[in-house]
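Dear colleague,

Please find the structure below for your files. My notes on what was found in it follow directly after.

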Amino acid sequence: MLPLLLLLLPAAHGVVHLGYMPVLTTEPRLEGQKTASTFVLDQPRCVFKDYGNADIWLVVALDGAESSFNNTDRPGSPEIAFQSFPNPARAYMTLNATLANYPCPKPAGDITVLRVGSETSCAKDEMRPTCNGPLPGPGPYRVKFLALEGSVPVAETQWSEKIMLPEAKSSNTISTTGSGHSAGMIAITTILSILFAILLAALVAMLVFWSSDSCSGSSTFSKPESVTVRRYNTHHVYDQPAARL
Amino acid sequence: MAKNDDCVHILQGLLVFGNVVIGMCGIALTAECIYFVSNPHDLYTLLKATENSDIYAAAWIGIFVGLALFALSILGIIGVIKASRTLLLLYIILMLITFAFEMASCITAATHQDSLTPELFLKQMLERYQKSEPANNSDNEITKTWDELMLQNHCCGVLGPSDWQKYASVFRSTHTDADYPWPRMCCILDAQGLPISLDGCKLGVPGYYNSNGCYDAISGPVNTHAWGVAWFGFAILCWIFCVLLGTMFYWSRIEY
């Protein structure tokens, strides 16, 4: 009898470890899957089927703090308030939901996601310790889902993989000094410079020819106006006898 | 000699034809540059803010060069027909000066087109879009220009909405990342100017935000402008080169 009771007691107080691992949403591809202070998880559909009476909470912890998180911590207690995250609290609980919020199966075509970090209004509000506020740094973070009946934990998922958020670089790192010159610009500059040099050389040659006067003659041609026609007076033989008489 | 006369007439005819073409091209260049200068597209504010608006200086030079080419072509035609050495010498020297100016204009337009890289616009956008205390009016103008650009071309940022995530900006310092991963103008808006789905836009669901960058919309008009000034000028200069060589040959053969 006693061994049977001893066997039953752990089962009554044990938390069921579900095999599900929370993942970032990959279907559909979201531009905002990870931003500097938020990330997007798939909803845990068809995971907590047997726990219709439980509240399903999301636990967000710093990487490395998973082991120090106690499942029996009540959500909203100061040790795990969002406002004390990440220092001194190293984890917090948020996004309270019930099985009714996560109907199974998921209707095709619906986008069922959880955006962690979307509530900015309560981020500094100490009266809202379970606020889904923006994450304070790039992480890395780990998350898991925890089902509580009353305040007794009954089921939990695995901890997720490390979630690292992107960090913004300063705009000073953008180099605007030219990326070199395009082929077109080099072609224009080279060809035009060569043409101009040829023209200047031809001008110089032309003026040298003119001043040295060395090439007058052979195939020159004359200007139209300088051609003059001299008029000849013709003496008619027939007029002379008339003049003598 | 009849053969020499024929050669003379052919050369004169060619030079007159060359000058007529130069005259017409001069008018076309003036008209094109007046169009560019008087019809600045909306991106003029962005270009002016980059302190790199020499493309407009090139267009202004183009206007005066075009008029000069027209006047010189008339001088050239008269000089060729009259076979006057002084007129033609004057023509050659003035044409060389005009050639030099137009060369400067072409090279300026081509060089500055190269300098308008995406990085230049990205840096300007990050540092001045929605600046909370605008230092001068041009910051407001830049914000307005970018808003219109993103609205009309259905685009976001220079390379995409990720510009706002990858880099810190003055926009980010006044708008939290959770509420505004990217500006509201990047969302697809309805007739009233409100996002059709704010959550969809913040999440980045395809169909509720603009995922393309605006660089293509910026570089299109700027490239057309630069090509118009640089390459058309280059073509005219090649033609002028040939006509000038012919004129110099003709000049050296005129009997004084």
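In chain B, helix α4(B) and helix α10 (residues 215-253) pack with their axes 9 Å apart, at an angle of about 155 degrees. Axes here are lines fitted to C-alpha atoms, for helices over the stretch in contact, and angles run from 0 to 180 degrees between N-to-C directions. The angle therefore makes α4(B) roughly antiparallel to α10(B); angles over 145 degrees count as roughly antiparallel, those under 35 as roughly parallel, 65 to 115 as roughly perpendicular, and the rest as oblique. α4(B) passes α10(B) in a left-handed crossing, meaning that the near helix is turned anticlockwise from the far one by less than a right angle, whereas clockwise would be right-handed. The residues of this contact (heavy atoms within 4.5 Å) divide into 24 nonpolar, 6 polar and 3 charged. In this classification Ala, Val, Leu, Ile, Met, Phe, Trp, Tyr, Cys and Pro are nonpolar, Asp, Glu, Lys and Arg are charged, and the others, Gly among them, are polar. Helices (H or I, at least four residues) and strands (E, at least two) are DSSP runs, numbered from the N terminus.

This is a predicted model, in which local features need pLDDT of at least 70 and side-chain atom pairs count only at pLDDT 80 or more, while totals for chains, interfaces and linings use all residues; side-chain values use heavy atoms, with hydrogens and water left out. Residues are numbered from 1 along each chain as its sequence is written, and chains are lettered from A and ligands numbered from 1 in the order in which they are written.

Helix α4 (residues 85-115) of chain B also meets chain A: its axis and that of helix α2 (residues 183-212) of chain A come within 10 Å and cross at roughly 165 degrees. α2(A) is therefore roughly antiparallel to α4(B), and the crossing is left-handed. By class, this contact has 20 nonpolar, 3 polar and 2 charged residues.

The unreviewed UniProt entry lists residues 12-37, 57-81, 88-110 and 229-251 of chain B as "transmembrane region"; its positions are given in the numbering used here, feature names are shortened, and annotations may be inferred rather than shown by experiment. Residues 88-110 of chain B are 100% helix and 0% strand, with the end C-alpha atoms 32 Å apart. Residues 229-251 of chain B are likewise 100% helix and 0% strand, with end C-alpha atoms 32 Å apart.

Some backbone details in chain A deserve mention. A cis peptide bond joins Asn87(A) and Pro88(A), with omega about 5 degrees; Pro88(A) is found in the loop between β3 (55-62) and β4 (91-98) of chain A. Another cis peptide bond joins Cys104(A) and Pro105(A), with omega about -5 degrees, and Pro105(A) is in the loop between β4 and β5 (113-116) of chain A. Cys46(A), although not a glycine, has a positive phi of about 60 degrees.

As to confidence, the model scores ipTM 0.79 and pTM 0.75. The mean pLDDT (the predictor's confidence in each residue, from 0 to 100) is 87 for chain B, where 96% of residues reach 70 or more. For chain A the mean is 81, and 80% of its residues reach 70 or more. Confidence in chain A is lowest in helix α1 (residues 2-13), at a mean of 49, and highest in strand β2 (residues 39-42), at 92. Where pLDDT is low, the predicted coordinates should not be read in detail.

Yours sincerely
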